[in-house]
Amino acid sequence: MHTDFSSSSEPSHISISNIIPFFQSIIDLDNFGVCRYECLARLIDQSMTTYKPESFMQFIEREAYTANLSEHMLMQCVHAFEHQNMPWNINITASECLQPYLCEHLTSALPYVPNFGHVGLELSQQDALSIMPHLPEFIDRCRRLNVGVYIDNVTDMTVAAQRLFSLDLAGFKLSERIVNQANEDNQIADYIGLMTQHANANNMQVIAELVEQENTLFTLRGLGIRYAQGYLLGKPKQTLTSLFEH
């Protein structure tokens with residue numbers, strides 16, 4: 001059994017070989033079936049303690065190991081899903097969108113993916129806005145590889161942030177905070193409603209993150225949001241066997 005530590009805890013030894021994917025289900029609320037998985041990077045040390053990326057990403061970036069970690073995670077996920085007819089996502093950073101190696105890794109890995117369109121890349125809204133002039137080109141390169149780009153951790157509904165809604169994306173992932181705000185702020189609820197309508201019309205997914213309370217499901221239904229993930233719906237696990245028994 002592993003224990004997740006917060007970002008304030010630091011592992012005693014960091015090696016890329018000890019970083020593995022944990023898999024969390026994304027659920028279709030219409031039928032409560034799994035529609036895809038998010039692959040979360042976790043470091044497991046010699047004491048079998050599990051650490052989240054907040055604890056080791058500074059080391060990865062400082063040592064310029066980002067490209068190595070991307071390839072390492074991508075290939076592990078490719079092998080994990082090689083015989084599973086299931087889409088999955090991995091997380092990326094703004095700097096990776098600006099470097100050629102990510103698309104090169106994807107090009108090398110895709111022949112081993114059972115179905116085109118099964119791989120998604122999650123980029124935080126903050127990172128997406130920081131590279132907005134370059135983002136359409138990156139999305140286009142991914143589209144040519146039949147790889148979708150998701151905007152993760154959507155917390156901002158300002159006019160500037162809404163420019164993202166017009167891009168050729170695979171979907172958006174709403175933060176817990178913005179979903180909670182929609183309960184108290186009709187303008188936020190209206191913005192989410194417009195985003196969801198646009199997404200539905202353009203074959204995009206809108207996914208609520210960190211769903212941990214039953215009453216959140218009622219909020220999501222009221223907002224017209226069909227997809228969600230969180231501990232209420234499935235905790236991240238190290239093996240796919242138990243996940244497919246969801």
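A salt bridge here is a side-chain nitrogen of Lys or Arg within 4 Å of a carboxyl oxygen of Asp or Glu. By this rule the structure has eight salt bridges, and Glu38, Glu122, Lys173 and Glu209 are linked in a network of them. Please keep in mind that this is a predicted model, in which local features need pLDDT of at least 70, side-chain atom pairs count only at pLDDT 80 or more, and totals for chains, interfaces and linings use all residues. Residues are numbered from 1 along each chain as its sequence is written, and side-chain values use heavy atoms, with hydrogens and water left out.

**Salt bridges**

- Lys173 and Glu38 meet through their side chains in a salt bridge (3.0 Å, N to O). This pair links distant parts of the chain, with Lys173 in strand E8 (residues 171-174) and Glu38 in strand E3, 135 residues apart; helices (H or I, at least four residues) and strands (E, at least two) are DSSP runs, numbered from the N terminus.
- Lys173 is buried, at a relative accessible area of 0%, and Glu38 is buried at 5%. Buried means under 20% relative accessible area, exposed over 50%, and partly exposed in between (1.4 Å probe, protein chains only).
- Asp28 and Arg226 form another salt bridge (2.7 Å, N to O). Asp28 sits in strand E2 and Arg226 in the loop between helix H10 (214-223) and strand E10 (227-228), 198 residues apart.
- Asp28 is buried, with a relative accessible area of 7%, whereas Arg226 is partly exposed at 36%.
- Within helix H6 (residues 135-144), Arg141 and Glu137 lie four residues apart, about one turn of the helix, and their side chains meet in a salt bridge (3.7 Å, N to O). Arg141 is partly exposed at 23% relative accessibility, while Glu137 is exposed at 52%.

**Aromatic pairs**

- There are five aromatic pairs in the structure. Rings of Phe, Tyr and Trp (its six-membered ring) pair if their centres lie within 6.5 Å; planes under 30 degrees apart count as stacked, over 60 as edge-to-face and the rest as tilted.
- Phe23 and Phe81 make an edge-to-face pair, 5.5 Å centre to centre with 85° between the planes. Phe23 lies in strand E2 (residues 19-28) and Phe81 in the loop between H2 and E5, so the pair ties together parts that are 58 residues apart in sequence.
- Phe81 also pairs with Trp88, this time stacked, at 5.6 Å centre to centre and 15° between the planes.
- Phe23 is buried at 4% relative accessible area, Phe81 is buried at 1%, and Trp88 is buried at 1%.
- Ring pairs join Phe23, Tyr37, Phe81 and Trp88 into a cluster.

**Pockets**

- The largest pocket holds about 1200 Å³ of space. On a 1 Å grid over the protein atoms alone, a pocket is an open set of points where a 1.4 Å probe fits, with protein on both sides within 12 Å along at least five of seven lines; lining residues have an atom within 4 Å of a point. Grid points are joined across faces, edges and corners, and a volume is the space filled by probe spheres set on the points.
- Of its 40 lining residues, Glu38, Leu40, Pro53, Asn91 and Asp152 are closest to the centre of the largest pocket. E3 gives the largest share of this lining, five residues.
- The second largest pocket holds about 320 Å³, and among its 19 lining residues Arg36, Gly117, Tyr150, Ala170 and Asn203 lie nearest its centre.
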